[in-house]
Amino acid sequence: MLVTGGARGIGLACARRFAADGHDVAVTYHSSAPPDDLFGVKCDITSADDVEAAFSQVEEHLGGPVEVLVANAGIARDTLLLRMSDDDFETVVDTNLVGTFRVVKRATRGMIRARSGRLILISSVVGLLGSAGQANYAASKAGLVGFARSLARELGSRAITVNVIAPGPVETDMIAALTDERRAELTAAVPLARAASPDEIAGVVAFVASDDAAYITGAVIPVDGGLGMGH
Ligand code: NDP
């Protein structure tokens with residue numbers, strides 16, 4: 001199993017959950033230090049060369065191709081449209097959407113050969129609802145839905161499932177970077193009236209990776225405390 005962006009936040013929680021369940025796990029890290037307790041490879045998902053090199057190292061470590069990929073790495077650069085530069089837009093899309101394309105494409109090489117696999121893409125409730133000040137981020141996360149559903153159709157006959165997880169606010173550095181006011185606003189809009197813990201996302205990811213989820217593909221699974229219901 002491979003989790004991108006697995007050195008902190010949701011990715012780390014997913015990787016630790018897989019390890020605790022007895023799976024062989026590798027993570028990619030970029031600017032963070034790799035976690036002491038997991039096999040980590042350095043990878044910037046905006047670089048195709050990095051992605052290729054990281055997969056080679058991970059495959060060597062696992063002794064075979066990646067069977068489950070959690071494409072989790074992502075960034076936000078929030079600002080209102082009139083202040084949003086081309087670079088703000090392009091960098092977010094190049095990381096969240098194109099970066100996910102790069103790792104997914106590389107992972108499918110082994111999965112197609114093996115005629116099985118699980119691709120789990122971490123999107124966001126914002127991709128479905130929209131969010132003022134996050135047009136770049138929302139566009140990148142919505143793009144993952146069309147990407148995943150197309151792949152679900154392309155790869156289904158090879159027993160490869162492709163699903164999207166759409167979290168609401170989760171207690172990680174990404175949320176910590178917001179102002180107190182914005183965080184309070186976000187939580188107030190959630191029917192469960194709180195942010196999720198990273199472990200609550202990891203539990204759902206573990207289910208989608210499990211045998212119990214073999215007949216789920218092309219799904220967008222909300223883990224959002226009800227924030228996005230109806231979308
Ligand atoms: P964090 O900001 O805590 O972590 C982001 C992760 O992405 C880090 O592991 C980081 O690696 C990695 N990353 C960023 N840029 C790159 C890059 N160019 N190449 C490789 N890795 C990169 O975020 P979260 O844990 O909160 O978020 C994880 C995912 O969940 C993201 O896709 C995010 O959009 C999504 N999400 C988060 C929500 C939240 O409320 N927290 C809500 C909904 C979705 P490193 O630290 O090594 O640089």
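How many bridges join strand S5 and strand S6, and in which sense do the two pair? Select residues 117-122 (S5) and 160-167 (S6): they pair in the parallel sense over 6 bridges. Strands pair if DSSP finds at least two bridges between them, and strands (E, at least two residues) and helices (H or I, at least four) are DSSP runs numbered from the N terminus. Within this pair, Ile-122 stands opposite Ile-165 in S6.

This is a predicted model, in which local features need pLDDT of at least 70 and side-chain atom pairs pLDDT 80 or more, while totals for chains, interfaces and linings use all residues. Residues are numbered from 1 along each chain as its sequence is written, and side-chain values use heavy atoms, with hydrogens and water left out.

**The sheet**

Now show all strands. The open sheet has 7 strands in the order S3-S2-S1-S4-S5-S6-S7, with parallel pairing. Its edge strands, S3 (39-42) and S7 (220-223), each pair on one side only.

Next, select helix H2 (48-62), which packs on the sheet and touches S1 (2-3), S2 (26-29), S3 and S4 (68-71). Contact means heavy atoms within 4.5 Å. The direction of H2 makes about 160 degrees with that of S3; axes are lines fitted to C-alpha atoms, for helices over the stretch in contact, and angles run from 0 to 180 degrees between N-to-C directions. Helix H3 (86-114) lies across S4, S5 and S6, at about 170 degrees to S5.

**The ligand**

- Arg-8: 2.6 Å from a polar side-chain atom.
- His-30: 2.6 Å from a polar backbone atom.
- Tyr-137: 2.6 Å from a side-chain N or O atom.

Definitions and conventions
Polar contact = N/O pair within 3.5 Å; in protein donor to acceptor, adjacent residues only side chain to side chain.
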